[in-house]
Amino acid sequence: MPDTLMEMFSYPFMVRAFTVGSLVALCSALLGVSLVLKRYSMIGDGLSHVGFGALAIAAAANAAPLAVAVPVVILAAVLLLRIRSSSRIKGDAAIALISTSSLAVGVMVISMTTGMNTDVYNYMFGSILAMSEEDVRISVALAIAVLALFVFFYQKIFAITFDETFARATGVRADLYNTLIAVLTAVTIVLGMRMMGALLISSLIIFPALTSMRVCRTFRSVIINSAVIAVVCLVIGITVSYVWATPAGASVVMTNIAALILYSLIGALRGRRSGN
Amino acid sequence: MALIKCENVSIGYEGQTVVRDLNFEIQPGDYLCIVGENGSGKSTLVKSLLSLKSVEKGKIVFGDGLKQNEIGYLPQQTDVQKDFPASVSEVVISGRLNSRGLKPFYTAADKKAAEEKMDMLGIRDLSRQCFRELSGGQRQRVLLARALCATKSLLLLDEPVTGLDPIVTAEFYQLIREINRESGIAVVMVSHDIESAVEDATHILHLQETALFFGTSDEYRKSRVGRNFLGGGDNA
C-alpha cells in the first residue's frame, strides 16, 4: 500500500488533482454552509448544468474553457439570486428551468460538433486527468479569496445566514455579501466540475454542511468541521479512485455519503444519551 | 425631540398604496403599540421604519441620537432558524454588528455587552446551548437580547408573542414592561393582542391603511375606534 501511495504522488496529474480538488472542496464546503442553511442548495446543482452548457460551447468554438464558463456561470449565479429575492417566479422552478435549458443547449452543441463521445462522458461524470497548471493557479487564488471572506466577514456572513432581515435592518450590506458568495460559488463550481462532473459537483457544496450539522451545535464548529470533512473525504475519494480505478467524482461522493452516515450515527447516539 | 417622526408617510407596492398619509411620533421612553387587522399595513410600516422599504411620499425622521440602523428589531421567527446550528451567545452577539463598522472581530466590550443583555433577560446559563433546541419562549428571549445589543433607545417588536403559550406570553410582556420602565428604552410593538396592548402601552397607533387613531392608550379606550375594537358591553 505505501508503494502505491508513493507511486500515486509521482504522477504530476495526480498531484494537480489533489491540489485543485482539496482547494475546491474547502471552498465549496465553506460556501455550502451558508447556501444550505439559507435553502439555496439547489443553486449549486443549477450552476453546474449552466457550466456544462458553457463548456460545451467553449469546446465547439475552440475557446479556452474557463474563459467562457466562468463569466457565464457567474452571470447565472447572480441571476438566480435575483430571481430568488423577487417573488414573481418561484426559485426552485427557475433553477430547474435554467439548468435543464443549459443542459439541452450543451448536448445540442456537442452532438452537432464532436458528436456524443467521451467528452460528454467526462463533462457529466468528471475526469481525474482534467486538471491543468492553470487550474492549480486559479484554485489557489480562489481559496485565498474564500478564506479571506470567511475570516474577515465571518460575523456578517453569520448574521445574513441566520437572519437576513435583522442583518439588513442593522446596516449589513446583505446584497453585497450574497453576490460575493454567489460569484465565488460560481467559480468554485466551474473549477471543480471538470474533475467531479457536472452531475456530481453540487455534492461538494451540500454534503459537508449537512454532515457536520448532524453533530455540531454552533455555527463556528459547523464551518470548521465542514471544511475538514470536505478535504478529508476528497483525499480519501481520490485515493480510492486511483487505487481501484473508479471514477473520481463518484468515489468522492461515496466517501461523503459514508461520512454523512457516520456523523448521523454519532448524532443519534449523542441525542439518545442526553435524553432528547 | 422625537426618536422617530413620521410625516405624511405613504408606502406602497408597485403603485398600490398600502399605508397612506401617516403622521405619528415616538418619544424617548414611549411604549407604542401598533394595532390593526391583517393587511392593514402594519408589517409594511415596520419595514419602512427599518429602512428595508422606501416610502413613496412624506418622510421618516430619526432624531435624539437614534440612527436608522440602531433600532433593536425583534422579527418574527423564520423557517431557517428552526434547525439552525448556532449557540445562544453567537446569536446574541450578532446584535453588536451595527456598532462595529468594518472591523472584522468582536472586542471584549462587545462580549461584555452581550453578557449583560443575557443576564438582564435571565438566559446567561443558556449561552452555550444550541438555538434550535430551545423552547419558543427561550428563543424569543435570545432574539430580544440580540435586539437589545443593537440599540440604546428603541426596540421594535413584530408580533413577538405569536405561538407562545399564555404563561410565557404574560412573562414576555412583563419583561418588555420592565425594560421599558427601568432602562427607559422606547418600545414599538406590533400586536394582535389588543387587550394587553392597551394595558401596557402608553400610546396606541390604530392602523387601517391610514391612522384611525393615534394617541395615548387612555384616550384610545375612550375613543369610538377604541371602544369598537376593544368590544365588550361597556361601550353603551
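A salt bridge (a side-chain nitrogen of Lys or Arg within 4 Å of a carboxyl oxygen of Asp or Glu) joins the side chains of B:Arg141 and B:Glu171, at 4.0 Å from N to O. The two residues are 30 apart and link distant parts of the chain, B:Arg141 lying in helix 4 (residues 136–150) of chain B and B:Glu171 in helix 5 (residues 166–183) of chain B. Helices here are DSSP runs of H or I with at least four residues, numbered from the N terminus.

The model is predicted: local features need pLDDT of at least 70, side-chain atom pairs count only at pLDDT 80 or more, and totals for chains, interfaces and linings use all residues. Residues are numbered from 1 along each chain as its sequence is written, chains are lettered from A in the order in which they are written, and side-chain values use heavy atoms, with hydrogens and water left out.

**Salt bridges**

Over all chains there are 20 salt bridges. Three of them are tabulated here.

| Pair | N to O distance |
|---|---|
| A:Asp135 and A:Arg194 | 2.7 Å |
| A:Asp175 and A:Arg168 | 3.0 Å |
| B:Arg141 and B:Glu171 | 4.0 Å |

A:Asp135 is in helix 7 (residues 133–152) of chain A and A:Arg194 in helix 10 (residues 174–196) of chain A, so their pairing ties together parts 59 residues apart in sequence. Both A:Asp135 and A:Arg194 are buried; buried means under 20% relative accessible area, exposed over 50% and partly exposed in between, with a 1.4 Å probe and protein chains only. A:Asp175 is partly exposed at 42%, and A:Arg168 is partly exposed at 29%.

**Nonpolar core**

A nonpolar core is a set of buried Ala, Val, Leu, Ile, Met, Phe, Trp, Tyr and Cys residues joined through side-chain atoms within 4.5 Å. The largest has 133 residues, of which A:Leu47, A:Ile238 and B:Leu144 touch the most other members. Helix 2 (residues 12–37) of chain A gives the largest share of this core, 16 residues. Another core, apart from it, has 29 residues, including B:Tyr73 and B:Leu207.

**Cysteines**

With a disulfide taken as a pair of cysteine sulfur atoms within 2.5 Å, the count over all chains is zero. A:Cys27 is in no disulfide, the nearest cysteine sulfur, that of A:Cys233, being 16 Å away. A:Cys27 is buried, with a relative accessible area of 1%.
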